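Open the model in your viewer and keep the selection tool at hand. The stops below go one by one.

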Amino acid sequence: MKNPFFASLLLLICFSLVAFQCDEEGNMPTFEEEQTELNNLKSEIEALANTSICNETSECKFIGLGSKPCGGPWSYLIYSNSIDIEQLERMVANYNQLEAEFNARWGMVSDCAVVNPPSSVNCENNTCIAVY
């Protein structure tokens with residue numbers, strides 16, 4: 001009698017494990033979903049930076065934005081210290097990390113040209129402007 005009982009119990013446990021197994025593939029976002037998420041994050045970052053205003057050039061700054069598959073940023077974001085700089089820097093760091101992971105996961109390629117940072121930034125009409 002114990003053999004059929006234990007066999008049934010073992011069978012029940014096996015079916016339970018299979019039925020409640022996590023499907024990691026099914027939870028992975030698609031290329032398009034990830035790309036849309038990155039685009040939305042980038043738009044949020046740019047919107048925050050665009051709210052910044054300046055009164056003098058010393059308030060203007062820049063930060064590398066994006067992660068090229070070959071390395072380095074895609075561009076430089078210009079902003080002033082009139083916004084929450086710590087929040088902007090966290091958002092940019094998060095975005096850059098997510099884009100680097102996206103590039104690796106999807107085998108993205110790019111030219112390996114180095115994007116030079118601005119040589120300086122100036123405050124003109126209360127807006128920070130990059131000088132190359």
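**Stop 1: a disulfide to begin with**

Select cysteine 60 and cysteine 128: a disulfide joins them, with S to S at 2.2 Å. A disulfide here is a pair of cysteine sulfur atoms within 2.5 Å. Cysteine 60 sits in strand E1 and cysteine 128 in strand E4 (residues 127–131), so the pair ties together parts 68 residues apart in sequence. Helices (H or I, at least four residues) and strands (E, at least two) are DSSP runs, numbered from the N terminus. The torsion about this S-S bond of cysteine 60 and cysteine 128 is about -85°, so the disulfide is left-handed. Both cysteine 60 and cysteine 128 are buried. Buried means under 20% relative accessible area, exposed over 50%, partly exposed in between (1.4 Å probe, protein chains only).

A note on the source: this is a predicted model, where local features need pLDDT of at least 70 and side-chain atom pairs count only at pLDDT 80 or more, while totals for chains, interfaces and linings use all residues. Residues are numbered from 1 along each chain as its sequence is written, and side-chain values use heavy atoms, with hydrogens and water left out.

**Stop 2: the other disulfides**

How many disulfides does a search of the whole structure find? It finds 3. Select cysteine 54 and cysteine 123 next; their S to S distance is 2.1 Å. This link of cysteine 54 and cysteine 123 is right-handed, with 100° about the S-S bond. Cysteine 54 is in the loop between H3 and E1, and cysteine 123 is in strand E3 (residues 120–124), so the pair ties together parts 69 residues apart in sequence. Both cysteine 54 and cysteine 123 are buried.

Now take cysteine 70 and cysteine 112, joined with S to S at 1.9 Å. Cysteine 70 lies in the loop between E1 and E2 and cysteine 112 in the loop between H4 and E3, so this pair ties together parts 42 residues apart in sequence. Cysteine 70 counts as partly exposed at 42% relative accessibility. Cysteine 112 counts as exposed at 55%. Counting bonded cysteines along the chain, the pattern is 1-5, 2-6, 3-4.

**Stop 3: helix H3**

Select residues 31–50, helix H3. Color Glu34, Leu38, Leu41, Ile45, Leu48 and Ala49: they are buried. Finally, show strand E1 (60–65), strand E2 (75–80) and helix H4 (85–106), which are among what covers the buried residues of H3.

Terms used: The expected span of a helix is 1.5 Å times one less than its number of residues. Contact means heavy atoms within 4.5 Å.
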